[in-house]
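Dear colleague,

Please find below the structure that I am handing over to you.

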Amino acid sequence: MKKNLDFYLNIRYPIEIVNIDANEGGGVLASIPFLGRHAFLGDGDTLEEALKNLEDIKTYLFQKYLAQGAPIPVYHCHAA
């Protein structure tokens, strides 16, 4: 079965949230370390804005990877 964009966008990848120090401009960083902390990164003045920007970059990169035939890691949650 060939996996499409919707398949990957529906995976619940763990997200890391970090507050940006006020001395560095403030705001929030949201990233997906499992996929690449420096590539899958969104920032914003609020958590909501950072998550929206992260979702936008995730969609863009997944589209790019699928077009290039590049592999996209699939996260499997291991609940306790």
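I begin with one residue and widen the view from there. Ile 32 touches Tyr 13, Pro 14, Ile 15, Arg 37, Phe 40, Leu 54 and Lys 58, when residues up to four places away in sequence are not counted; contact here means heavy atoms within 4.5 Å. This is a predicted model, in which local features need pLDDT of at least 70 and side-chain atom pairs count only at pLDDT 80 or more, while totals for chains, interfaces and linings use all residues. Residues are numbered from 1 along each chain as its sequence is written, and side-chain values use heavy atoms, with hydrogens and water left out.

Overall organisation

The protein has three helices and three strands, which are DSSP runs numbered from the N terminus (helices: H or I, at least four residues; strands: E, at least two). From the N terminus on, these elements follow the order α-β-β-α-β-α. The C-alpha trace spans about 50 × 35 × 20 Å along its principal axes. Of the 80 residues, 22% count as buried; buried means under 20% relative accessible area, exposed over 50%, and partly exposed in between, with a 1.4 Å probe and protein chains only. Among contacts between residues at least 6 apart in sequence, 36% join residues at least 24 apart.

The sheet

The three strands form an open sheet in the order E1-E2-E3, with antiparallel pairing. Strand E1 (16-19) and E3 are the edge strands, each of which pairs on one side only. On average, neighbouring strands are turned by 20° against each other, direction ignored. Two strands are said to pair if DSSP finds at least two bridges between them. E1 and E2 pair over four bridges, and in this pairing Glu 16 stands opposite Ser 31 in E2. E2 and E3 likewise pair over four bridges, with Val 28 opposite Gly 44 in E3. E3 has a covered face, formed by Gly 42 and Gly 44, and an uncovered one, formed by Leu 41 and Asp 43.

Ser 31, in strand E2, counts as buried because its relative accessibility is 4%. Apart from its neighbours within four places in sequence, Ser 31 is in contact with Pro 14, Ile 15, Glu 16, Arg 37, Phe 40, Leu 41 and Leu 54.

Helix H3

Helix H3 (residues 47-68) has 22 residues and reaches 31 Å from its first C-alpha to its last, close to the 32 Å expected at 1.5 Å a residue; the expected span is 1.5 Å times one less than the number of residues. Which residues of H3 are buried? They are Ala 50, Leu 54, Lys 58, Leu 61 and Phe 62. These residues lie on the same side of H3 because they cover an arc of only 105° around the axis, the arc being that of the directions from the helix axis to the C-beta atoms. An α-helix has 3.6 residues a turn, so residues three or four places apart point the same way. The face turned away from the buried side of H3 carries the exposed residues Glu 48 and Ala 67.

The cover over the buried residues of H3 includes helix H1 (5-9), strand E2 (28-31), helix H2 (33-36) and strand E3 (41-44). Just after H3, Gly 69 takes a positive phi of about 75°.

Lys 58 belongs to helix H3 and is buried, with a relative accessible area of 6%. Not counting residues up to four places away in sequence, Lys 58 touches Leu 9, Ile 11, Ile 32 and Phe 40. By contrast, Lys 2 is found in the segment before H1 and is exposed, with a relative accessible area of 80%. Lys 2 and Asn 19 are 17 residues apart in sequence and 38 Å apart in space, C-alpha to C-alpha.

The nonpolar core

A nonpolar core is a set of buried Ala, Val, Leu, Ile, Met, Phe, Trp, Tyr and Cys residues joined through side-chain atoms within 4.5 Å. The largest one has 13 residues, and those with the most contacts inside it are Tyr 8, Tyr 13, Ile 32, Leu 35, Phe 40 and Phe 62. E2 and H3 are the elements that give two or more residues to this core. H3 gives the most, with four residues.

Yours sincerely

Note on methods:
Axes are lines fitted to C-alpha atoms, for helices over the stretch in contact, and angles run from 0 to 180 degrees between N-to-C directions.
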